[in-house]
Amino acid sequence: MCDMSHYEKEENLQLTRKLSNYCLARGIASEAEPGRIEGGEDGITSTLAEELECVLTMAEQALEFVATGTELLAPATGNAHGEYGPTGINLDYERLDMVNHTVGDKMRLVLHGADPFTLKIFTRCIKAGVTKININKGVNKHYARVQESMRGQPLTKVIEAVTNAMQNTVEEYMQWFGSAGEA
Ligand SMILES: [Zn+2]
């Protein structure tokens with residue numbers, strides 16, 4: 001993954017192009033992110049589209065990323081990295097549909113900031129062309145929860161329990177995403 005979204009637009013594009021060329025020559029898929037919505041610990045002030053307009057991915061921008069040769073694109077459609085804050089999750093599905101139509105079969109879409117999403121949200125995003133979903137806390141929180149509840153117990157027992165908790169979560173996500181039995 002080539003997340004250069006913390007750089008300014010031109011630098012992001014330039015670095016993405018450089019890395020995707022390097023990867024392409026070696027048969028490695030690369031993933032880029034045009035703009036980043038940062039929720040941090042406390043969440044963003046507002047997740048409403050009109051407030052985020054300048055960060056949300058536009059058609060022109062999506063095409064610029066197609067031109068970098070990167071195979072995977074994680075558009076900004078209201079998805080936040082970190083916490084979602086007081087206005088909650090407000091994804092701009094029309095924008096996601098638009099990005100999907102714009103990139104066509106040139107790029108596959110990826111979902112970032114998806115940890116607190118519900119099955120309904122995931123299903124809508126998959127319908128809009130999302131083919132890869134990056135999950136972090138959604139899995140790790142189960143590790144942390146079980147580890148916390150087993151304080152003082154033998155390490156091997158704890159490792160087995162946390163591994164099982166994460167495996168159950170991954171299995172559930174695979175059912176949700178329609179990837180179960182597809183490997
Ligand atoms: Zn990201």
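Two rings of Phe, Tyr or Trp, with the six-membered ring taken for Trp, form a pair if their centres lie within 6.5 Å. The model described here is predicted, and by this rule it holds 7 aromatic pairs.

**Aromatic pairs**

A pair of aromatic rings is described by the distance of the centres and the angle of the planes. For phenylalanine 122 and phenylalanine 177 the ring centres are 4.8 Å apart and the planes meet at 65 degrees, so this pair is edge-to-face. The cut-off behind that label is an angle over 60 degrees. Phenylalanine 122 belongs to helix H5 (residues 119–127) and phenylalanine 177 to helix H7 (residues 155–177), so the pair ties together parts that are 55 residues apart in sequence. Phenylalanine 122 has a relative accessible area of 0% and is buried.

Both rings also belong to one aromatic cluster, formed by Tyr84, Phe117, Phe122, Tyr173, Trp176 and Phe177. Elsewhere, a charged side chain meets a ring: arginine 26 lies over the face of tyrosine 22, at 3.6 Å from the ring centre.

**The zinc site**

Which residues coordinate the zinc ion? The donors are two OE atoms of Glu33, NE2 of His81 and ND1 of His112, at 2.0 to 2.6 Å. Along the chain, the donors follow the spacing E-x47-H-x30-H. Histidine 81 lies in strand S4 (residues 81–82), while histidine 112 lies in the loop between strand S5 (108–111) and H5, so the pair ties together parts that are 31 residues apart in sequence. Histidine 81 and histidine 112 are both buried.

Why is the site called irregular? The angles among the 4 donor atoms run from 53 to 124 degrees. For comparison, the ideal angle for four tetrahedral donors is 109.5 degrees.

**The chain as a whole**

The chain has 7 helices and 6 strands. Read from the N terminus, the order of these elements is α-β-β-α-α-β-β-α-β-α-β-α-α. Along the principal axes, the C-alpha atoms fill a box of roughly 55 × 40 × 30 Å. Of the 183 residues in the chain, 40% are buried. Among contacts with a separation of 6 or more, 68% are between residues 24 or more positions apart.

The domain assignment divides the chain into domain 1 (9–134) and domain 2 (136–183). The C-alpha centres of domain 1 and domain 2 are 26 Å apart. Where the two domains meet, the contact takes 10 residues from domain 1 and 6 residues from domain 2.

Threonine 77 sits in the loop between strand S3 (72–73) and S4. Is threonine 77 buried or exposed? Its relative accessibility is 2%, so threonine 77 counts as buried. Beyond residues up to four places away in sequence, threonine 77 touches Leu56, Asn90, Leu91, Asp92, Arg95 and Leu96.

Valine 139 is part of helix H6 (residues 137–149). With a relative accessible area of 14%, valine 139 is buried, the limit for this label being under 20%. The residues in contact with valine 139, apart from neighbours within four places in sequence, are Met166, Thr169, Val170 and Tyr173. Tyr173 is also one of the members of the aromatic cluster.

Valine 66 is found in helix H3 (residues 59–66). Leaving out neighbours within four places in sequence, valine 66 is in contact with Val103, Lys106 and Met107.

Alanine 180 is placed in the segment after H7. At a relative accessible area of 30%, alanine 180 is partly exposed. With neighbours within four places in sequence set aside, alanine 180 is in contact with Met174 and Gln175.

The table lists C-alpha distances for three of these residues.

| Residue pair | Separation along the chain | C-alpha distance |
|---|---|---|
| Valine 66 and glycine 113 | 47 residues | 22 Å |
| Valine 139 and glycine 104 | 35 residues | 31 Å |
| Alanine 180 and glutamate 60 | 120 residues | 35 Å |

Technical notes: Residues are numbered from 1 along each chain as its sequence is written. This is a predicted model: local features need pLDDT of at least 70, side-chain atom pairs count only at pLDDT 80 or more; totals for chains, interfaces and linings use all residues. Side-chain values use heavy atoms; hydrogens and water are left out. Rings of Phe, Tyr and Trp (its six-membered ring) pair if their centres lie within 6.5 Å; planes under 30 degrees apart count as stacked, over 60 as edge-to-face and the rest as tilted. Helices (H or I, at least four residues) and strands (E, at least two) are DSSP runs, numbered from the N terminus. Buried means under 20% relative accessible area, exposed over 50%, partly exposed in between (1.4 Å probe, protein chains only). A charge sits over a ring if NZ of Lys or CZ of Arg is within 6 Å of the ring centre and within 35 degrees of the ring normal. Donors are N, O and S atoms within 2.8 Å of the metal (3.2 Å for Na, K and Ca); water is not among the atoms, so sites may look incomplete. Four donors count as tetrahedral if all angles lie between 85 and 135 degrees; four count as square planar and six as octahedral if opposite donors are over 155 degrees apart and all others between 65 and 115; anything else is irregular. Domain bounds come from an automatic or database domain assignment. Contact means heavy atoms within 4.5 Å.
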